[in-house]
Amino acid sequence: NFETLIKTMELLKKNNINFWTTTTLNKKNINDIEFVLSIAKKYNTYANFVLIQFFDKVIESNSLPDYQKVQQLELIPDDKDIRAAFEKLIKLKKDGEPIGSSFEFLNFMKSWDDYKILMSSKNYGIKCVAGKLYCHLFADEKLYTCGHYIDAIDKIDIKKSGFINGFNDLQKIPNCQSCRVACDTENNLIYNLNLKSIFNWLSKM
């Protein structure tokens with residue numbers, strides 16, 4: 001809860017441990033951006049913002065809920081409100097507010113066509129290098145091209161193949177050109193040598 005979170009931040013600050021915050025924007029908090037930033041300023045840190053994530057169907061081996069569950073909980077903001085929130089974040093970042101998320105990611109999110117979709121076959125101009133320059137290793141000791149396609153693509157048992165051979169044998173993801181997952185998008189910007197994104201993150205370290 002909020003009180004526990006604040007206590008944790010107080011302890012981190014007291015012990016000179018750097019941290020950032022990450023806020024999952026949803027229908028219940030999408031109008032609280034300024035409040036989140038006030039907390040970031042109070043603790044001299046940066047606030048990252050991501051949009052609530054879900055799958056179009058239940059995938060038991062992944063922690064993300066399916067779209068229907070999120071919809072039942074009334075957590076999905078309207079598209080216009082999401083777009084307005086990212087436009088606000090861009091303006092606030094330009095005004096010097098402590099927003100960690102890169103301009104490139106914020107603009108990318110503002111341009112996303114349909115926020116009810118997590119992965120898209122449309123190319124938004126950020127080349128995904130999952131399975132080429134990075135991958136996902138899970139606690140089951142299996143290697144995946146992308147953590148969002150568990151049970152949908154082949155997995156590699158690195159106990160049998162070893163990491164290098166397993167990485168080289170990772171399956172390409174069919175019909176997926178882009179996703180609105182914040183960490184993957186920011187990673188892809190860096191791996192694509194987007195200098196503005198790289199400098200954004202270097203300046204936060």
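This short report walks through the strands and a surface patch of a predicted model.

**A parallel pair and its crossover**

Let's start with strand S1 (residues 21-25) and strand S2, which run parallel and are joined by five bridges. Within this pairing, Thr-24 stands opposite Val-50 of S2. To get from S1 to S2, the chain passes through helix H2 (residues 33-42), and this β-α-β crossover is right-handed.

S2 (residues 47-51) is mostly covered, with five of its five residues buried. In a regular strand, side chains alternate between the two faces of the sheet. In S2, Ala-47, Phe-49 and Leu-51 point one way, while Asn-48 and Val-50 point the other way, and all are buried.

**An antiparallel sheet**

Further along, there is an open sheet of three strands in the order S4-S5-S6, paired antiparallel. S4 and S6 are the edge strands, each pairing on one side only. Two bridges link S4 to S5 in the antiparallel sense, and Leu-137 has Leu-143 in S5 as its bridge partner.

Here are the strands of this sheet with their residue ranges:

| Strand | Residues |
|---|---|
| S4 | 136-137 |
| S5 | 142-144 |
| S6 | 156-157 |

**A nonpolar patch on the surface**

Which residues form a nonpolar patch on the surface? They are Leu-195, Phe-199, Leu-202 and Met-205, and together they have about 510 Å² of accessible area. One of them, Phe-199, lies in helix H9 (residues 195-202). Phe-199 counts as exposed because its relative accessible area is 52%, and exposed means over 50%.

Methods
Residues numbered from 1 in each chain as written. Predicted model: local features only at pLDDT ≥ 70, side-chain atom pairs only at ≥ 80, totals over all residues. Heavy atoms only, no water. Patch = residues over 30% accessible without salt bridge, like charges linked within 9 Å, V, L, I, M, F, W, Y side chains within 5 Å. Areas by Shrake-Rupley, 256 points an atom, 1.4 Å probe, with all protein chains shown as cover. Salt bridge = Lys/Arg side-chain N within 4 Å of Asp/Glu carboxyl O. Helix = DSSP H or I, 4+ residues; strand = E, 2+ residues; numbered from the N terminus. Buried < 20%, exposed > 50% of the residue type's maximum accessible area, 1.4 Å probe, protein only. Pairing = 2+ DSSP bridges. Right-handed = clockwise from strand over helix to strand, strands pointing away.
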